[in-house]
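This briefing concerns the fold of a single protein model.

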Amino acid sequence: MHTVNYQSTASVGVCMSCAVSDFKSTTSLSEPVNISATQTGSFESDSDAEYNNKVSVAVRNATSATHVAHLGPMIGADPIPTSWLSWGMNCVGDWITWTNFSWTTLHLDRLRRLARDSCNFAGFEDIFGPKEDFLTGVETYYSHMNPAAMNPAGKFWFNMWQTGILEGRRKIVKHIMEHPIISQPESRVNKVILIAGYFRSGTTLMHRMMAAQPKTRSLRLFEIIDFADPTAYVKRKEELSTDSRIADVQAKFDLMELLFPGFWRNVAESHLIEPGEAEEEVVLLFYLCLHVLYFGASGPEYTDWVVNPTNKQYVYKFIRMFLQMLNQGTTWPVTHWVLKSPIHMLFLDSFAEEFQPSFGVVFLHRDPVECVPSWCRLLETWTRTMFREQCFDLGMLGRINLWMCKLSWERAMQWQAKTDSSKYYNLKYTTFIKDPVGELEKVYEHFNIPFNDDAREATAQYLDDNPQGKHGRAKYTPEMYGLTNAIIEDTLSDYRHWAGFA
């Protein structure tokens, strides 16, 4: 039974699955839409089917009016710079699109074949769950894309990125299938701490503070990104900063910088990304067709599939197998793994089922008035380079992320209400930031994990080396994304009251 109340707009507009020539804007960014003001639907006492249907309707309402549809000027933000190479690719690519030249088109049929091949192993479903759950997401993502909205440089990058993801996925699955010890009960991953909370709420800081400790194991970017071999093992803790794959990943980063100068600097103003740094599972989730950073590349049908909680057990089976694969090479003592990604709040039941009984969840709480526009800015920086300017809508970013924040916290509150309090810990961002080491020690105490002098020293050293604002600060306002403080406060009023922000 579900007890969610959701308020959505009834406006109807166009989405990215429409042709560029048909793009129209039904909502002006200068007139923010209050997605909580027009239509209220109660989810209380719904069956699973009824609940999922209402979520589906809510997704379409939340994304329809401005989904990659705005033809007017961008509001309040400077375009991400492009290089002469990128500019030339776009100009020449537009000119020769009629020839169907390879880098001016999306290779979706080839990508579909790669996705199917990654599941084509005897006994696959015994270890990774139903392959159709994954393949349905792939088909939904690809079939509702609008290639005409992407510039040639974006198509070039998309083809390379998706090919690498699917080839990397097949390599991971093949390795696990060829090494049965990885999936055996005796290899089951030890204690897992999940850091949850909406994007831009301090989760990265806590994640990297934990990752810096001697007996904590976390994923490094070079271990999970498709730019390098994801099946190689790190045997010693110090190798996390010296592994040869770091240079492989950096080479791909340099290519992206060549196409889009300043891209990584702009991203670092919100979230530092380096090949050897601890990184969240957003990248690992690419292997599972959960493209959190690229919602805008497909239509609302894909968002509908993403937020459906009934078909995501395969996600956590894959993550657990991946961690157990890496454990095979680990030779230093590890007390726990630490994971982190806000999207996990949508699927906490599936996470808990896969990692029970030894898991814990830390919920970081930051006022949505602050974190929603901050996440919109980072998402804009990350995705805008792929699309034609006339097809990129800042209002869509604001609209869908406000709705996603609401849905995430609704599900997190529901989960806490039915879960033993020993399994989770709530912490406000403002409290955490005043005394990060002291508050982290309380988290460890709650989950019965030792926090000794070595851990305390490593955590303090990380903070000294990475002060806030070290890489600049992104500039943004809610109004840049068709929002206002009042809209955010009203839409998330239940959560803000529950968390003590109102």
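**A histidine in the interior**

His291 has a relative accessible area of 2% and is therefore buried. The model in which this residue is seen is predicted. Its 502 residues are 60% buried, and the protein holds 20 helices and 7 strands. Among its contacts with a separation of 6 or more, 83% join residues 24 or more positions apart.

**Surroundings of His291**

- His291 is placed in the loop that runs between helix 10 (263–268) and helix 11 (300–307).
- The side chain of His291 forms a polar contact of 3.5 Å with the side chain of Gln162.
- Residues up to four places away in sequence aside, His291 touches Tyr141, Trp161, Gln162, Phe286 and Tyr302.
- Tyr302, one of these partners, is itself buried in helix 11.
- Helix 11 is mostly covered, with 7 of its 8 residues buried; these are Pro300, Tyr302, Thr303, Asp304, Trp305, Val306 and Val307.

**Packing of helix 3 against helix 5**

- The axes of helix 3 (residues 108–117) and helix 5 (residues 131–143) come within 10 Å and cross at roughly 170 degrees.
- The two helices, helix 3 and helix 5, are therefore roughly antiparallel to each other.
- Helix 3 contributes Leu108, Leu111, Arg112, Ala115 and Arg116 to the contact, while helix 5 contributes Phe134, Leu135, Val138, Glu139, Tyr142 and Ser143.
- Sorted by class, the contact of helix 3 with helix 5 comprises 7 nonpolar, 1 polar and 3 charged residues.

**Nonpolar cores**

- The largest nonpolar core has 128 residues, of which Phe158, Ile319, Phe355 and Phe363 touch the most other members.
- Helix 15 (residues 394–418) supplies the largest share of this core, 13 residues.
- Phe158 is in contact with Leu106, Leu108, Leu111, Tyr141, Tyr142, Met145, Met150 and Met386, leaving aside neighbours within four places in sequence.
- Leu108, Leu111 and Tyr142, which are among the contacts of Phe158, also take part in the contact between helix 3 and helix 5.
- Tyr141 is among the residues touched by Phe158 and among those touched by His291.
- Another core, of 21 residues, lies apart from the largest one and includes Met210, Tyr425, Leu440 and Tyr444.

Methods
Residues numbered from 1 in each chain as written. Predicted model: local features only at pLDDT ≥ 70, side-chain atom pairs only at ≥ 80, totals over all residues. Heavy atoms only, no water. Helix = DSSP H or I, 4+ residues; strand = E, 2+ residues; numbered from the N terminus. Buried < 20%, exposed > 50% of the residue type's maximum accessible area, 1.4 Å probe, protein only. Polar contact = N/O pair within 3.5 Å; in protein donor to acceptor, adjacent residues only side chain to side chain. Contact = heavy atoms within 4.5 Å. Axes fitted to C-alpha atoms, helices over the stretch in contact; angles between N-to-C directions. Parallel < 35°, antiparallel > 145°, perpendicular 65-115°, else oblique. Nonpolar A, V, L, I, M, F, W, Y, C, P; charged D, E, K, R; others polar. Core = buried A, V, L, I, M, F, W, Y, C linked by side-chain atoms within 4.5 Å.
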